[in-house]
Amino acid sequence: QNQTTLFASNIGGFSNEISHITILYVDDHFIHDRGSFQWLIQDPITINNILSAQPTQRFTSDIFEIAKLKWMLQIYPNGIATNAPNQFAAYIQLLSMPSSWTMALIRQSICVHELDTEFTEVHAYTKLRTGNLKKWPLDTLSFNELINRAPRLQQLTITVRIKIIRIIVTEKYKKVVLYQSNVNQYRKFYQFKWRMEPRTLCRLHTHFLPKKPISSQIIGDMFNVYYVPAQHQFKLQLLGLPCKADIDGLQVKLTLHVVELPDIKYSSIAELSFKSHSVTYSVSTLLVPSLNFDAFRSMTHCTFVIGLEILNEYDPKGSITGVNSENEWKKFMQNAKKETANIANAPAHKKAMIKPSSHVPVHSKQTVQVNNVAESKQ
């Protein structure tokens with residue numbers, strides 16, 4: 001119903017797609033910075049309570065451990081407030097954090113399998129009371145979708161996947177990156193197909209909330225995309241960075257093509273980063289007005305062909321890595337000043353023979369003319 005396929009060359013006889021799937025299943029056991037937890041609710045009494053939940057009514061999972069940290073999952077099937085019902089709210093709470101950590105950037109995925117609903121994003125967790133509890137976005141799932149599903153729910157399966165992206169500590173009143181996770185098989189170009197069955201995904205469309213997103217799987221351990229049909233929006237989200245010195249952001253070119261609708265072709269360029277150790281700049285929005293909700297949900301199949309090209313990498317100061325623009329410009333201006341001085345100091349009979357090179361800044365001649373005009377007016 002919702003499948004993402006990553007295209008890549010073979011490595012050691014196995015495709016990157018197979019390698020990626022393999023890593024997803026073994027990383028919980030062999031990689032320290034990530035893991036998963038599944039909450040399976042089968043008790044008939046609990047299921048009935050969930051399906052008849054009142055606003056503010058909460059259900060909590062057992063405490064689980066991922067990356068040597070304690071977590072807990074909370075759900076409010078009918079919303080967290082009496083004046084805002086019908087929002088199926090899902091929260092992940094971090095119960096423990098080392099005392100030396102100031103903040104942890106966490107990539108978290110929450111999936112409700114029976115409703116074909118999943119969302120992944122990056123959150124900044126802190127030890128503050130308001131900083132250790134993070135939820136998925138509003139409108140991701142409605143209570144009406146839950147209670148109107150056919151056949152009636154007999155169980156509820158919620159899977160959480162967590163990866164630590166970055167750990168921040170404070171040293172001498174300055175925030176320092178203690179740990180930066182790596183990404184699997186980092187490349188400068190990704191192309192993938194995102195296949196969906198809109199009629200199946202949207203079978204409960206009359207109960208969708210206005211901003212309900214439909215999310216892809218994680219791409220290249222760094223990105224995912226999600227589509228908001230009712231708002232004609234297609235969003236690219238940064239979910240990780242390569243573990244390279246001084247990489248804090250990426251400039252990415254996104255291209256989008258819909259196989260079933262050949263006239264729909266879009267592209268955009270966005271800068272995505274975790275600036276100031278936050279996640280404010282980690283999402284880019286592309287409007288796709290040609291694919292409205294009615295057209296989308298009437299399709300048997302919908303295939304997005306998406307290309308992601310990394311154009312530039314940025315350091316924490318916002319400069320392009322590998323290109324020292326500031327030093328290059330300083331060198332250029334120093335050479336220009338020397339050449340201008342050489343021309344000014346040359347004997348009069350040689351000045352006519354000297355032609356300024358392209359290193360002489362144009363504004364030096366313009367400045368002289370402006371000053372002369374000002375002096376004549378005075």
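Strands S15 and S16 (residues 223-228) pair in the antiparallel sense over two bridges; two strands pair if DSSP finds at least two bridges between them. The model is predicted: local features need pLDDT of at least 70, side-chain atom pairs count only at pLDDT 80 or more, and totals for chains, interfaces and linings use all residues. Residues are numbered from 1 along each chain as its sequence is written, and side-chain values use heavy atoms, with hydrogens and water left out.

**Sheet with S15 and S16**
- Serine 215 has tyrosine 226 of S16 opposite it.
- The order S15-S16-S17-S20 describes an open sheet of four strands with antiparallel pairing.
- Strand S15 (214-215) and strand S20 (283-287) are at the edges with a single partner strand each, so one side of each lacks a neighbour in the sheet.

**Tryptophan 194**
- Tryptophan 194 lies in strand S14 (residues 189-196).
- Its relative accessible area is 0%, so tryptophan 194 is buried (buried means under 20% relative accessible area, exposed over 50%, partly exposed in between, with a 1.4 Å probe and protein chains only).
- Threonine 303 is 109 residues from tryptophan 194 along the chain, yet their C-alpha atoms are separated by 5.5 Å.

**Whole protein**
- The protein contains eight helices and 21 strands; helices (H or I, at least four residues) and strands (E, at least two) are DSSP runs, numbered from the N terminus.
- Of the 378 residues, 45% are buried.
- Among contacts (heavy atoms within 4.5 Å) with a separation of 6 or more, 65% join residues 24 or more positions apart.
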